[in-house]
Amino acid sequence: MAGPDYGALGATFKTVRILQVISLLGCIGMAANFISEMVQANDTPSRELVGTLSVTCITVLYCAITYILHLDNMLPYLINTGMDGMMLVALAVVAIVVGKPLSYLNCQVIGSNSVAESAAVLNSELKSTLHNQGGHVVYSNWIGASRTTCYEMKAIWGLSIALCILFAFSSLCSVCLWRRSKSVPAKDMA
């Protein structure tokens with residue numbers, strides 16, 4: 001069950017995949033929690049959070065499948081390199097969309113500390129400023145509703161940036177594994 005013996009390169013690929021899954025699960029948990037809070041407040045979740053949740057769910061499934069294929073020595077590394085590049089682009093978009101308004105926000109100056117107070121803000125007279133004409137929660141207004149919300153969104157942003165680095169690294173590992181698998185002679189099946 002150890003998978004193919006590609007030495008340190010194979011171990012690095014496995015380690016990077018595990019780190020990717022851990023980071024993705026953190027993003028999924030926080031984004032799903034925020035969406036749940038918005039739905040409980042009878043609001044339509046922001047597009048940014050729905051997009052983040054969608055991309056991270058697809059990516060964690062991709063990571064699990066490629067990890068299993070790697071263990072069974074069935075992973076087409078060249079195709080995996082391209083797919084890792086596509087996941088890198090998708091996560092870069094998430095990092096940019098989530099991070100753009102966050103980069104201007106100082107979480108320490110926000111007065112409220114609890115998520116419950118954030119929900120209360122959503123239900124108060126500020127509710128009209130937190131929504132756009134389509135009924136969606138305006139992400140750039142919502143992230144400033146409480147200190148906890150701000151810090152958790154900055155955590156998602158930071159994990160998205162870390163995931164970009166991890167996917168760039170796993171793409172590089174995949175190219176090296178592809179070259180190594182091509183240079184190893186095939187064993188006789190007889």
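Is C150 buried or exposed? In this predicted model, C150 is buried, with a relative accessible area of 0%. C150 forms a disulfide with C107, and the two sulfur atoms lie 1.8 Å apart. The bond joins distant parts of the chain. C107 sits in the loop between α3 and α4 (115-123), whereas C150 belongs to helix α6; 43 residues separate them. The torsion about the S-S bond is about -70 degrees, so the disulfide is left-handed. C107 has a relative accessibility of 3% and therefore also counts as buried, the cut-off being under 20%. The count for the structure comes to one disulfide.

C57 is partly exposed, with a relative accessible area of 35%. C173 is in no disulfide. The nearest cysteine sulfur to C173 is that of C176, 6.5 Å away. C173 is buried, at 4% relative accessible area.

Charge pairing was considered next. Side chains of opposite charge can pair when their charged atoms come close. A search of the whole structure finds one salt bridge. D84 pairs with R17, and their closest N and O atoms are 2.9 Å apart. This pair also links distant parts of the chain: D84 is in helix α3, R17 is in helix α1, and they are 67 residues apart. D84 counts as buried, at 0% relative accessibility. R17 counts as buried too, at 1%.

S174 is placed in helix α6, which covers residues 147-183. Its relative accessible area is 0%, so S174 is buried.

Helix α2 spans residues 47-71 and has 25 residues. From first C-alpha to last, α2 reaches 36 Å, close to the 36 Å expected at 1.5 Å a residue. An α-helix has 3.6 residues a turn, so residues three or four places apart point the same way. The buried residues of α2 include L49, T52, L53, T56, T59 and V60. Y62, C63, T66, H70 and L71 are also buried. The buried residues of α2 pack against α1 (7-40), α3 (77-102), α5 (139-142) and α6. N73 follows α2 and has a positive phi, near 60 degrees.

Conventions
Residues numbered from 1 in each chain as written. Predicted model: local features only at pLDDT ≥ 70, side-chain atom pairs only at ≥ 80, totals over all residues. Heavy atoms only, no water. Helix = DSSP H or I, 4+ residues; strand = E, 2+ residues; numbered from the N terminus. Buried < 20%, exposed > 50% of the residue type's maximum accessible area, 1.4 Å probe, protein only. Expected span 1.5 Å × (residues − 1). Contact = heavy atoms within 4.5 Å. Salt bridge = Lys/Arg side-chain N within 4 Å of Asp/Glu carboxyl O. Disulfide = S-S within 2.5 Å.
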